[in-house]
Structure formats: structure tokens, C-alpha cells
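Thank you all for coming; I would like to walk you slowly through one structure today. Please have the sequence and the model in view while I talk.

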Amino acid sequence: MSDKQTMFVKCIKDTEGWWTEGEMYPASVTGGGFIVVGDDDEPNGEGWSASPVEYRDDGSILYQLGGLDGEVIFEECAA
């Protein structure tokens, strides 16, 4: 049994080419507010870790992948 919380995040920027802007991807919440998310080749995978970079007034959160040359940003929409 997994204790990870699963949600969907939307790719809003990808300069790396592993994701499709505007598409939703399943993500799992890990410790410290980080999420792990798959990519276009393995959308249900957990190969990439993203950290929260902005908490918006409307309740949404922006996450950014680290360790890449380009920029990849996901948005968790407010409930």
C-alpha cells in the first residue's frame, strides 16, 4: 500500500522536449512538498522530481524541475 498522494499537474512550459505544454501528467507528492512526475514516454513514471517555486494567491502551485539545462514548469491547479 502506497502512502503517496497522487494528483495531476499541467505542463505550462517545456524547453527540454520531454513534455507537451498544456497536457496534464500524473504526479505523486513526496516529502518536503516535492512532486515526482512522468514524461511523454512514461507518463505514469516517476523519473523527474520537481520543487515548488511559487504559491499563488488563488491556491495554485508552480513546480519546477531541477538539474536540467532548460526550463520545465508544471502547475497544480487550485481545488
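W48 has a relative accessibility of 23% and therefore counts as partly exposed, a class that lies between buried, under 20% relative accessible area, and exposed, over 50%, using a 1.4 Å probe and protein chains only. Before I go on, please keep in mind that this is a predicted model, in which local features need pLDDT of at least 70 and side-chain atom pairs count only at pLDDT 80 or more, while totals for chains, interfaces and linings use all residues. Residues are numbered from 1 along each chain as its sequence is written, and side-chain values use heavy atoms, with hydrogens and water left out.

W48 forms an edge-to-face aromatic pair with W19, at 5.1 Å centre to centre and 70° between the planes; rings of Phe, Tyr and Trp (its six-membered ring) pair if their centres lie within 6.5 Å, and planes under 30 degrees apart count as stacked, over 60 as edge-to-face and the rest as tilted. Because W19 lies in the loop between β1 and β2 and W48 in strand β4, this pair ties together parts that are 29 residues apart in sequence. W19 itself is buried, with a relative accessible area of 5%.

The structure holds 4 aromatic pairs, and another of them joins W18 to W48, this one tilted, with 6.3 Å centre to centre and 40° between the planes. W18 is in the loop between β1 and β2, whereas W48 is in strand β4 (residues 48–55), so this pair links parts that are 30 residues apart in sequence. W18 is partly exposed, at 38% relative accessibility. Together, W18, W19, Y25, W48 and F74 form one aromatic cluster.

Strand β1 (residues 5–14) and strand β6 (residues 72–76) run antiparallel and are joined by 4 bridges, and K10 stands opposite E75 in β6.

Finally, the largest nonpolar core has 14 residues, and V9, W19 and F74 are among those with the most contacts inside it; such a core is a set of buried Ala, Val, Leu, Ile, Met, Phe, Trp, Tyr and Cys residues joined through side-chain atoms within 4.5 Å.

Conventions
Pairing = 2+ DSSP bridges. Helix = DSSP H or I, 4+ residues; strand = E, 2+ residues; numbered from the N terminus.
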